[in-house]
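Reader: Got a structure I want to go through quickly. Can you take my questions as they come?
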Amino acid sequence: MRIRQHVNPLRSDYLQIPLEPLDLPRDRPVEVELGSAEAFFLMERAMEDPGRSYVGVEIRRELVTQSNGECRGKGLDRVRSVFANMSVDLPRLFPPRSVSRFFINFPDPWFKHRQRKRRVVGEDLLCQLFELLEPCGEIHVATDIFDIALDAMTVLEWEAPRRFVNLHEPWSFVRASRFAARSFRERLCEREGIRVWRLAYRRL
């Protein structure tokens, strides 16, 4: 089965995806990965910290089916991927102040100028994440493309300074992840010696 590498989230049929309720346990912190792909990162997070619930938001239905099947096979019942569009569906998936961490790992670069509006980390998304994060909740971004990292930092530091604070120091990257979990792309970067730019912010 051929799985598309890039999907335009602004396409009309991705703006009205029927959603199933998540029904997450209320006694566990919730971590969410936006653009979770095969959910390797979330599976490793669940093994690293099994006392939480983990949700992957992915716009490619094939990967959602694949990752949910793999989680069932591994007995990782606290990890679930959902077919949804992070651009519009997050408020329908999560109640306000219910998420402890959002992870955005290696978002699509959309290099062409006319495609830049499709980039993930923008002010609209951050406004949504601010409402969905619990007090002192966190946002973590990782990318191997400096332009993407700089765009994300600009939005977090300049356009949303009253919402988030840098966990390291203003206008700076995090030197290393404090989590053992790694996405497929991150492990590939480590093997090939490609630098990963990391950002970590806390909700004010």
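Reader: Which elements have the lowest and the highest mean pLDDT?
Author: H5 has the lowest, at 89. S1 has the highest, at 98.

Reader: And where is the pLDDT below 50?
Author: Over residues 110-118. Beyond near neighbours in sequence, that stretch has 16 contacts in the model. Where pLDDT is low, the predicted coordinates should not be read in detail.

Reader: OK, the sheet. What's the strand order?
Author: S3-S2-S1-S4-S5-S7-S6. The sheet is open, with seven strands and mixed pairing.

Reader: Which strands stand at the edges?
Author: S3 (79-83) and S6 (164-166). Each has a single partner strand, so one side of each is left without a neighbour in the sheet. Neighbouring strands are turned by 20 degrees against each other on average, direction ignored.

Reader: How many bridges join S2 to S3?
Author: Five, and the two strands run parallel. S2 covers residues 53-58.

Reader: What does helix H5 touch?
Author: H5 (residues 146-159) packs on the sheet and touches S5, S6 and S7. Its direction makes about 15 degrees with that of S7.

Reader: And H4, which strands does it lie across?
Author: H4 (residues 123-132) lies across S1, S4, S5, S6 and S7. It runs at about 140 degrees to S5.

Reader: How does the lining divide?
Author: Ten nonpolar, one polar and six charged.

Note on methods:
Residues are numbered from 1 along each chain as its sequence is written. This is a predicted model: local features need pLDDT of at least 70, side-chain atom pairs count only at pLDDT 80 or more; totals for chains, interfaces and linings use all residues. Side-chain values use heavy atoms; hydrogens and water are left out. Two strands pair if DSSP finds at least two bridges between them. Helices (H or I, at least four residues) and strands (E, at least two) are DSSP runs, numbered from the N terminus. Axes are lines fitted to C-alpha atoms, for helices over the stretch in contact, and angles run from 0 to 180 degrees between N-to-C directions. Contact means heavy atoms within 4.5 Å. Ala, Val, Leu, Ile, Met, Phe, Trp, Tyr, Cys and Pro count as nonpolar, Asp, Glu, Lys and Arg as charged, and the others, Gly among them, as polar. pLDDT is the predictor's confidence in each residue, from 0 to 100.
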